[in-house]
Amino acid sequence: GSFAPKSMPREKSHKAKDGHKQKHASYDRNKSSGHQQQQHHHSRAGGGSGVGDGLLGDMLGAAARSAGSAVARRAVAFALSGGQGAAEGAKAGTFDLYLFAQSWAPRFCCSQREKCETQGIQNTNGLSTHGLWPSYQDPKPDGKTFPAFCQKGSKGSGEFDLAEHEWRKHGTCTGLSRDKYVEEEHRIANSLPEPNQDGTPPALKAAAGDALELKIVRESYSNTVGIQLDDKCRLREVTTCFAKFPDGRVGQQVDCPEHVLLGSRNSNPSECSKVYLDKPGTCASISKALLKSLREAA
């Protein structure tokens, strides 16, 4: 579907933005080094919210006890159960939130060279589309956070193809036609973080091959987003959240809910205060000294 009004409200007051900064800082402080990174979208897993054991279990247990809302407690409790969070076979269109995940292309190309070349993003200095996923603003009573494989026979098997996988797992749940789903995905990519910025904040492009303060990445967006780093403080993904129009199209950008900010979409396993951004064609080796500097408070 085509975008609804181009002049959708995206700007927030300075007071609201200050509130977002405080919220981000709070979630960052509560991240544990035990966070397991979600399996990357170019593997067959895609789109889930997997968690690890050990330190992460301790952290989630504490979070569940201190969570300020039933939503947060429900999300944490389900994470502790080891489930994937997918409501498989749900009725198409029965969701109220979209997640839009983007990968930092140079980092993906360092870890998945063949798939990087297949997608033609080996020279991309910026974020590339991972997927557009229907989701739930609040986890369901059983902890499910997103619908999946909503069309009979959509789960399928065989050789992996990203576009086909994204459609089967996520697109079939939108209630949109396949063409409209792809159109919405492209439209959203071209609108972030502001219209005509080609999906990537200018500050990230400018910092390629160097480090950037995590707070600058967050402040590049008008709403709270999920930022996924690896254990060396390198940027992996950014997840933005959007409202859903009644006809299934993607609405205005909104703050990502607690279950996203408490999950692997917003993981910072080394408690980094700065983010390292690989540049195209170069895969940085993060020394102990550099890692220490990336973790030092700004």
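Buried, as the word is used here, means a relative accessible area under 20%, whereas exposed means over 50% and partly exposed covers the range in between. The model is a predicted one, and a search of the whole structure finds 5 disulfides in it. Three of these bonds are described below, after the pairing pattern.

**Pairing pattern**

- When the bonded cysteines of the chain are numbered in sequence order, they pair as 1-3, 2-10, 4-5, 6-9 and 7-8.

**Cys109 and Cys116**

- Cys109 is joined to Cys116 by a disulfide with an S to S distance of 2.0 Å.
- The torsion about the S-S bond of Cys109 and Cys116 is about 75 degrees, and the disulfide is therefore right-handed.
- With a relative accessible area of 10%, Cys109 is buried, and Cys116, at 2% relative accessibility, also counts as buried.

**Cys150 and Cys173**

- The sulfur atoms of Cys150 and Cys173 lie 2.0 Å apart, and the two residues form a disulfide.
- This pair links distant parts of the chain, 23 residues apart, with Cys150 in the loop between strand S4 (146-148) and helix H6 (162-169), and Cys173 in the loop between H6 and helix H7 (178-189).
- The bond between Cys150 and Cys173 is right-handed, because the torsion about its S-S bond is about 95 degrees.
- Cys150 has a relative accessibility of 16% and so counts as buried, since the cut-off for that class is under 20%.
- Cys173, for its part, is buried with a relative accessible area of 0%.

**Cys233 and Cys272**

- A disulfide is formed by Cys233 and Cys272, whose sulfur atoms are 1.9 Å apart.
- Cys233 lies in the loop between strand S6 (226-229) and strand S7 (235-244), while Cys272 lies in the loop between helix H10 (258-261) and strand S9 (274-277), so that the pair ties together parts that are 39 residues apart in sequence.
- Here the torsion about the S-S bond of Cys233 and Cys272 is about -85 degrees, which means that the disulfide is left-handed.
- Cys233 counts as buried at 0% relative accessibility, and Cys272 counts as buried at 5%.

Conventions. Residues are numbered from 1 along each chain as its sequence is written. This is a predicted model: local features need pLDDT of at least 70, side-chain atom pairs count only at pLDDT 80 or more; totals for chains, interfaces and linings use all residues. Side-chain values use heavy atoms; hydrogens and water are left out. A disulfide is a pair of cysteine sulfur atoms within 2.5 Å. Buried means under 20% relative accessible area, exposed over 50%, partly exposed in between (1.4 Å probe, protein chains only). Helices (H or I, at least four residues) and strands (E, at least two) are DSSP runs, numbered from the N terminus.
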